[in-house]
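Open the model in your viewer and keep the selection tool at hand. Each stop below says what to pick and what is there.

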Amino acid sequence: MSRIESISTTLQTLRGNRLRSFLTLLSIAIGVFSIIAVMTALGALQNSIEGGLSALGTNTFQVQKYPHNQGGGPGWHARLRNRPDITYAQGLAVVERTQGARYIGLEAWTFGYEVTWRNVRTNPDIAIAGETPDGLPTNQWEIDLGRSLSQSDLDLTRRVVILGADLVRLLFPPSYNPIGETVSLAGTRYKIIGTLKPEGAMFGSRDRHFVIPITTFFEKFGKNRSIHIMVQAESRENFQAVQDQVIGVLRAVRKDRPGEENSFAMFSNESLIREFNEMTATVRLGTMAIAAVALLAAGIGIMNIMLVSVTERTREIGVRKAVGATRRSVIAQFLSEAVVISVLGGLIGILLGLLAGNILAVALEIDPVIELTWIATGIAACCLVGIIFGTYPAWKAANLDPIDALRYE
Amino acid sequence: MALIHIKDVVKTYDMGAELVHALSGVTIDIQANEYVAIMGPSGSGKSTLMNVIGCLDTPTSGLYEFGGENVGDLDDNQLAEIRNRKIGFVFQTFNLLPRSTALHNVELPLIYAGVPSHERRERAEKALTDVGLGDRMLHKPNELSGGQRQRVAVARALVNNPSIILADEPTGNLDSRTGVEIMQLFSELHAQGNTLILVTHEEEIAEHAHRILRLFDGKVASDEVVANPLTYASQM
């Protein structure tokens with residue numbers, strides 16, 4: 001019996017037993033669904049993080065007081081609690097003494113302010129960034145209208161501001177040029193010197209920045225805080241060298257004793273991606289384990305239903321053998337039935353999984369993805385499950401004695 | 001040379017506690033184009049003999065040659081091939097695939113014979129037309145009467161042009177009128193040159209054959225030629 005023949009026989013049988021086939025298929029679908037949904041969601045998240053992280057540009061790393069990933073194991077907080085702040089002076093030392101960097105930006109942040117222009121008032125959710133001129137390129141911020149910060153803005157602690165794109169949209173009428181206007185924040189009036197191009201969004205908008213000179217920031221919000229140092233190396237080649245220099249300078253100015261670990265944390269896009277992957281690797285592994293268990297259960301379900309089917313169709317098997325079916329063709333028939341059920345179930349699971357994973361992605365405002373590797377893995381796993389759990393029932397069918405089978409009631 | 005040559009065939013079943021001798025030394029020759037009825041009370045071994053002749057079972061000892069080939073030497077696959085190409089079965093309970101159409105049921109032996117689908121369809125349609133079911137080809141067994149089902153089974157037995165047609169109580173599940181119709185069909189098949197072997201316990205059915213073998217306790221008790229077999233004409 002040819003392969004096409006046995007598949008058409010299979011489909012006929014499955015149609016004859018719609019509900020049962022559907023339920024069996026569902027069990028496989030759920031197993032595959034879980035794997036594809038999680039992998040798709042993680043894939044979308046990863047793409048978005050890789051894309052979104054270009055917030056830190058290429059060859060750029062950032063220094064701050066605490067690690068980005070705060071899950072440093074037990075006792076983490078106790079160890080880091082007494083870290084001294086990274087001061088503006090230390091930042092300036094890095095700027096002075098580091099060679100081979102294209103930009104070294106210093107910044108300080110505070111959150112939760114409202115901005116007003118005439119009678120327009122924002123929600124109190126605006127982020128204030130005090131920046132040096134180099135802070136804009138290291139943050140990947142590009143000027144849309146007006147100009148960027150200048151050294152004299154810092155030297156003279158000018159009350160000037162560069163507004164994020166969303167903030168412009170919130171405060172001003174469409175296509176209104178805000179350059180030269182004055183906005184108020186926390187009782188101080190700032191003159192708008194520039195606006196930023198939209199950055200796009202990951203987990204909500206990042207475009208509500210209120211960017212002022214870092215010296216003005218200190219004057220208004222206090223100097224007693226830790227700053228970020230953002231360094232962009234000239235090239236990928238000297239990235240490591242620049243990083244080493246910065247570590248050296250900071251250890252020296254912060255008086256870290258030899259043999260002790262750095263009293264500050266550094267990360268780059270690459271390290272963030274690595275961290276993310278380490279975190280998701282656990283999730284992926286867990287999902288695979290769960291999916292493996294689900295597929296195992298589904299496989300046992302398939303075996304069960306196939307054994308029932310073999311018993312029910314004992315006479316049919318007898319007839320087929322009487323009219324000339326060989327063992328091989330009986331095995332092929334039942335095996336293809338098991339494989340078709342599990343692969344159909346798998347395909348349904350994949351479709352639903354892609355849908356669910358991507359719905360999640362859209363809900364989180366990240367781009368949907370199709371994880372081809374996992375789809376292929378899913379289909380292969382289903383084939384395997386069908387073959388593994390279909391073999392015994394098929395073997396049992398093939399070894400039925402035709403005489404007994406024909407007499408079976 | 002005989003189409004079927006059976007010599008001293010013994011078939012023993014091991015039932016655990018005891019050995020059951022279903023056939024204890026049967027010797028028969030059947031020629032091509034014979035119409036033989038095998039009779040006997042239940043337990044006489046007639047079903048076992050039919051299974052052996054039909055290559056569904058092999059003898060414990062003794063010789064069975066089918067068309068000159070020693071069946072005892074064949075493996076499972078070769079037996080399946082003989083059943084497929086040389087033997088057409090007709091069963092008391094019809095044994096059609098319940099979810100398949102008459103046409104597909106008749107095609108079944110051709111599928112296993114590897115006949116390409118268009119030719120398969122043509123031959124199955126012809127076989128069904130020959131048994132008078134040209135207008136019922138796409139009906140499923142539960143949409144057909146008992147007589148029609150048995151005709152489908154006969155068409156299935158004939159479709160691969162077998163050397164013998166082996167019918168096991170073919171009228172057992174039919175009312176007498178329908179039974180007669182099926183027996184008429186067999187007479188026609190015999191007249192067309194087919195070899196028929198009929199297993200039955202009904203004297204009247206056996207009377208249609210041209211030779212009657214009677215089995216008793218696993219042995220041939222008598223082997224006689226029927227002087228005036230019942231025919232199509234004499235039933236009218």
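Begin in chain B with the open sheet of six strands, ordered β6-β7-β8-β3-β9-β10 with mixed pairing. Strands here are DSSP runs (E, at least two residues), helices are too (H or I, at least four), and both are numbered from the N terminus. Two strands pair if DSSP finds at least two bridges between them. Strands of a sheet pair through backbone hydrogen bonds, either parallel or antiparallel. Color the edge strands, β6 (87-90) and β10 (219-225) of chain B; each pairs on one side only. On average, neighbouring strands of this sheet are turned by 20° against each other, direction ignored.

A note on the model: it is predicted, local features need pLDDT of at least 70, side-chain atom pairs count only at pLDDT 80 or more, and totals for chains, interfaces and linings use all residues. Residues are numbered from 1 along each chain as its sequence is written, while chains are lettered from A and ligands numbered from 1 in the order in which they are written.

**Stop: β9 and β10 of chain B**

Select β9 (residues 211-216) of chain B. Six bridges join β9(B) to β10(B), and the two run antiparallel. Which residue in β10(B) stands opposite B:Ile212? Pick B:Glu224.

**Stop: α5 of chain B**

α5(B) lies across β6 and β7 (164-168) of chain B, and runs at about 170° to β6(B). Axes are lines fitted to C-alpha atoms, for helices over the stretch in contact, and angles run from 0 to 180 degrees between N-to-C directions. Contact means that the C-beta atoms of two residues, placed from the backbone, lie within 7 Å.

Now show α3(B) beside α5(B). Their axes come within 7 Å and cross at roughly 30°. That makes α3(B) roughly parallel to α5(B) (under 35 degrees; over 145 is roughly antiparallel, 65 to 115 roughly perpendicular, the rest oblique). From α3(B), select B:Ala102, B:Asn105, B:Val106, B:Leu108 and B:Pro109; from α5(B), B:Val152, B:Ala155 and B:Arg156. This contact divides into six nonpolar, one polar and one charged residue. Nonpolar covers Ala, Val, Leu, Ile, Met, Phe, Trp, Tyr, Cys and Pro; charged covers Asp, Glu, Lys and Arg; the others, Gly among them, are polar.

**Stop: B:Thr12**

Go to β1 (residues 4-14) of chain B and center on B:Thr12. Buried, exposed or partly exposed? B:Thr12 has 15 C-beta neighbours inside 10 Å, so it counts as partly exposed (20 or more is buried, 12 or fewer exposed, in between partly exposed). Leaving aside neighbours within four places in sequence, B:Thr12 is in contact with B:Leu19, B:Val20, B:His21 and B:Thr60.

**Stop: where the chains touch**

Show both chains. The contact takes 20 residues from chain B and 19 residues from chain A. On chain B, α2 (76-86) and α3 (102-112) are the elements that give two or more residues. α2(B) gives the most, with six residues.

**Last stop: α4 and α9 of chain A**

Select α4 (residues 88-97) and α9 (residues 239-254) of chain A; their axes come within 10 Å and cross at roughly 140°. The two helices are therefore oblique to each other. α4(A) passes α9(A) in a right-handed crossing.

How values were computed: Left-handed = near helix turned anticlockwise from the far one by under 90°.
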